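Have the model open while you read.

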Amino acid sequence: MMSYRRAGCPINNTLETFGDRWSLIILRDSMFGGRPRTFRSYLTESIEGIASNILTDRLKRLTANGMLTRSEDPNHKQRVVYSLTEKAIELVPLMAVMGSWGLRHTLPATDLATGAQVLEDGGPQLWEEFMDELRHIHLGAPQPAVSAFAKMEAAYEAATAE
């Protein structure tokens, strides 16, 4: 955890934990990607196109701040896998509210807006289901009975079929 904070304001402290937009994009990709991620997958699969030096720095920052864990890939000894921590999973309501705001105040691509719309429509109950599913994927918790990912995937498929 960062030991120095410029102010005691909880909003400022939260922003300092992330550092910048790239950290939130990395967390978004970890949450909505449906699996733990490797450096290469962050680098090649993010639609924003993060530079490798920035990715390296942000992964170090997020790991140091307890948002991601880093472990060896059991299938490839030279590869590292990043997983969300409970601390990061608890950001789902913030991500959902940011997505809802973006739906109302920006012009998102229809296909990319589907997950935000599903989370907005589902409200806090769906956010909890999504967090339970992330705990299963990233922390090894039992698999939940309801799949929030399946709801978001169905909405995405319907949007791209139009």
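Start with Thr114: leaving out residues up to four places away in sequence, Thr114 touches Met152, Ala155, Tyr156 and Ala159. Thr114 itself sits in helix α7, and with a relative accessibility of 11% it counts as buried, because the cut-off for that is under 20%. Keep in mind that this is a predicted model.

**Helix α8**

- Helix α8 runs over residues 148-161, so you're looking at 14 residues.
- From first C-alpha to last, α8 reaches 20 Å, close to the 20 Å expected at 1.5 Å a residue.
- Buried residues in α8 are Ala148, Phe149, Met152 and Ala159.
- Those four cover an arc of only 95° around the axis, which puts them on the same side of α8.
- What do the buried residues of α8 pack against? They pack against α2 and α7, the latter spanning 110-139.

**α2 against α7**

- The axes of α2 and α7 come within 10 Å and cross at roughly 80°.
- That angle makes α2 roughly perpendicular to α7, because 65 to 115 degrees counts as such.
- On the α2 side, the contact is made by Ser30, Met31 and Phe32.
- On the α7 side, you'll find Leu119, Phe130, Leu134 and His138.
- Sorted by class, the α2 contact with α7 has five nonpolar and two polar residues, with no charged ones.

**α2 against α6**

- Helix α2 (residues 21-32) also meets helix α6 (residues 92-105): their axes come within 12 Å and cross at roughly 105°.
- So α2 is roughly perpendicular to α6.
- From α2, the residues involved are Leu24, Leu27, Arg28 and Met31.
- From α6, they meet Val92, Met95 and Met98.
- By class, this contact of α2 with α6 has six nonpolar residues, no polar ones and one charged.
- Met31 is worth a click: it's among the α2 residues that meet α6, and it's also one of those in contact with α7.

- Setting aside neighbours within four places in sequence, Ser23 is in contact with Phe18, Arg58, Arg61 and Leu62.

Methods. Residues are numbered from 1 along each chain as its sequence is written. This is a predicted model: local features need pLDDT of at least 70, side-chain atom pairs count only at pLDDT 80 or more; totals for chains, interfaces and linings use all residues. Side-chain values use heavy atoms; hydrogens and water are left out. Axes are lines fitted to C-alpha atoms, for helices over the stretch in contact, and angles run from 0 to 180 degrees between N-to-C directions. Helices (H or I, at least four residues) and strands (E, at least two) are DSSP runs, numbered from the N terminus. Angles under 35 degrees count as roughly parallel, over 145 as roughly antiparallel, 65 to 115 as roughly perpendicular and the rest as oblique. Contact means heavy atoms within 4.5 Å. Ala, Val, Leu, Ile, Met, Phe, Trp, Tyr, Cys and Pro count as nonpolar, Asp, Glu, Lys and Arg as charged, and the others, Gly among them, as polar. The expected span of a helix is 1.5 Å times one less than its number of residues. Buried means under 20% relative accessible area, exposed over 50%, partly exposed in between (1.4 Å probe, protein chains only). The arc is that of the directions from the helix axis to the C-beta atoms.
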